[in-house]
2 protein chains.
Amino acid sequence: MMAFWKIFFKHHNIFSSNLNNQLVNQDAADKILLVKYLEGRGTIVNVYLSFNSYVNLHDLEKLCDSVGWVRRPLKKVKIAIDNSFVTASLFYEQNKKKFLIGFARATSDTSFNATIWDVVIHPDFQGQGLGKMLMAQIIKQLRYEDINTITLFADPQVVNFYKHLGFITDPDGVKGMFWYPL
Amino acid sequence: MMAFWKIFFKHHNIFSSNLNNQLVNQDAADKILLVKYLEGRGTIVNVYLSFNSYVNLHDLEKLCDSVGWVRRPLKKVKIAIDNSFVTASLFYEQNKKKFLIGFARATSDTSFNATIWDVVIHPDFQGQGLGKMLMAQIIKQLRYEDINTITLFADPQVVNFYKHLGFITDPDGVKGMFWYPL
């Protein structure tokens, strides 16, 4: 634990490759993994990453509310999570209380492709590299599962965020397309 | 059966809404559904649509070879099919022999979203509306399962094909993005 802490203190940065190597492991799906970093004000913050698919649906709804998403029936949200290949949650811990501050999930054929959906970071925790870290961990987990093509559909305002993570738009003219009921 | 046949004879077109209504049903996943239509030369052709996920992997490889796709390990193809939500195959029947002439599959969270992959029609059967029919049936099946957002990634030369089916590119600036290992 001490070594882990030192890495953070040294880098002042949660997005170090050393750290990434420590975080993902074969049992990641069942473990809650600890991330510690220094906030801008110098406060030590505990943030946990979990790949466990058990998510409190009311906490998730509150998180999605915080970024202004349209509410969805919790029953359908539960089915979607249960049928996602990877579910990642970020928790903030304060006074032994846990707060869900980030979430993302990926559907997959578990062999070739995965598609990431519902990426959300609470506005109070945005701009600190947590979204980057969440995405990097999901990519790492999918790569560990031997998935080679990771896709997503990005709103215009987050296209650059994903570009910084190595995602590319329309490779060789391939276009993302949508069908909605009329 | 007679009525079914008459519909075809009347429309000379496999993409009629009457027909579509007949094809999909609650047990579609386990049934092989018959499509009859008139070829250009006036020959009667039997084409079967199946949502059964049992697919002969060697037949599928031959089909993918016919359109020049890079070969993929059959073991990984099997895993991908097993973990797809919808698998659709088109068979052509001649002299009591079955030939796989079309294929497509969709991954899904089984609640909100589905993504269609690996759409292929044998070159000898392209340009006759079979791809359109295959896609229409997959959409119908996904709609039956209450999936509202159907997505795919289209190569440049088939973007218009999907547009005719009601797919749109980059709605509200949403971009399809890809991540590949370096």
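**Pairing of chain A with chain B**

Strand β6(A) runs antiparallel to β8(B), and five bridges join the two strands. The model described here is predicted. At one position of this pairing, Ala154(A) stands opposite Lys175(B) in β8(B). A further strand of chain A takes part: β7(A) is joined to β8(B), residues 175-179 of chain B, by two bridges, and this pair also runs antiparallel. Here Thr169(A) is placed opposite Met177(B).

Strand β8(B) is mostly covered, five of its five residues being buried. In a regular strand the side chains alternate between the two faces of the sheet. Both faces of β8(B) are covered, with Lys175(B), Met177(B) and Trp179(B) buried on one side and Gly176(B) and Phe178(B) buried on the other.

Within β6 of chain A lies Thr151(A). Because its relative accessibility is 0%, Thr151(A) counts as buried. Its side chain makes a polar contact of 2.9 Å with the side chain of Thr115(A). Apart from its neighbours within four places in sequence, Thr151(A) is in contact with residues of chain A, namely Ala114(A), Thr115(A) and Ile116(A), and with residues of chain B, namely Trp117(B), Phe153(B), Met177(B) and Phe178(B).

The interface as a whole brings 49 residues of chain A into contact with 49 residues of chain B. The size of an interface is often given as the accessible area lost when the parts come together. Between chain A and chain B about 4,500 Å² is buried, and 63% of this area is on carbon and sulfur atoms. On the chain A side, the residues that lose the most area to chain B are Phe112(A), Met177(A) and Trp179(A), which together account for 20% of what that side buries.

The side of chain A that touches chain B draws at least two residues from each of α4 (74-82), β4 (97-108), β5 (113-121), α5 (130-144), β6 (149-154), α6 (159-164), β7 (168-169) and β8 (175-179). The element that gives the most to this side is β6(A), with six residues. By residue class, the side of chain A that touches chain B divides into 23 nonpolar, 15 polar and eleven charged residues.

Over all chains, the whole structure holds 18 salt bridges, and the count between chain A and chain B is six. Within chain A, the side chains of Arg105(A) and Asp118(A) form a salt bridge, with an N to O distance of 2.9 Å. Arg105(A) lies in strand β4 and Asp118(A) in strand β5 of chain A, so this pair ties together parts that are 13 residues apart in sequence. Both partners are covered: Arg105(A) counts as buried at 1% relative accessibility, and Asp118(A) is buried with a relative accessible area of 16%.

Arg105(B) is in strand β4 (residues 97-108) of chain B, whereas Asp109(A) is in the loop between β4 and β5 of chain A, so the pair joins two chains. Arg105(B) is buried at a relative accessible area of 1%, and Asp109(A) counts as buried at 0% relative accessibility.

Another salt bridge is made by the side chains of Asp146(A) and Lys76(B), at 3.5 Å from N to O. This pair crosses between chains, from the loop between α5 and β6 of chain A, where Asp146(A) lies, to helix α4 (residues 74-82) of chain B, which holds Lys76(B). Asp146(A) counts as partly exposed because its relative accessibility is 42%. Salt bridges that share partners also join Arg72(A), Arg105(A), Asp118(A) and Asp109(B) into one network.

Notes
Residues are numbered from 1 along each chain as its sequence is written. Chains are lettered from A and ligands numbered from 1 in the order in which they are written. This is a predicted model: local features need pLDDT of at least 70, side-chain atom pairs count only at pLDDT 80 or more; totals for chains, interfaces and linings use all residues. Side-chain values use heavy atoms; hydrogens and water are left out. Contact means heavy atoms within 4.5 Å. Buried area is the accessible area (1.4 Å probe) that two parts lose on being put together, summed over both. A salt bridge is a side-chain nitrogen of Lys or Arg within 4 Å of a carboxyl oxygen of Asp or Glu. Helices (H or I, at least four residues) and strands (E, at least two) are DSSP runs, numbered from the N terminus. Ala, Val, Leu, Ile, Met, Phe, Trp, Tyr, Cys and Pro count as nonpolar, Asp, Glu, Lys and Arg as charged, and the others, Gly among them, as polar. Two strands pair if DSSP finds at least two bridges between them. Buried means under 20% relative accessible area, exposed over 50%, partly exposed in between (1.4 Å probe, protein chains only). A polar contact is a pair of N or O atoms within 3.5 Å; within protein, one must be able to donate a hydrogen and the other to accept it, and residues adjacent in sequence count only if both atoms are side-chain atoms.
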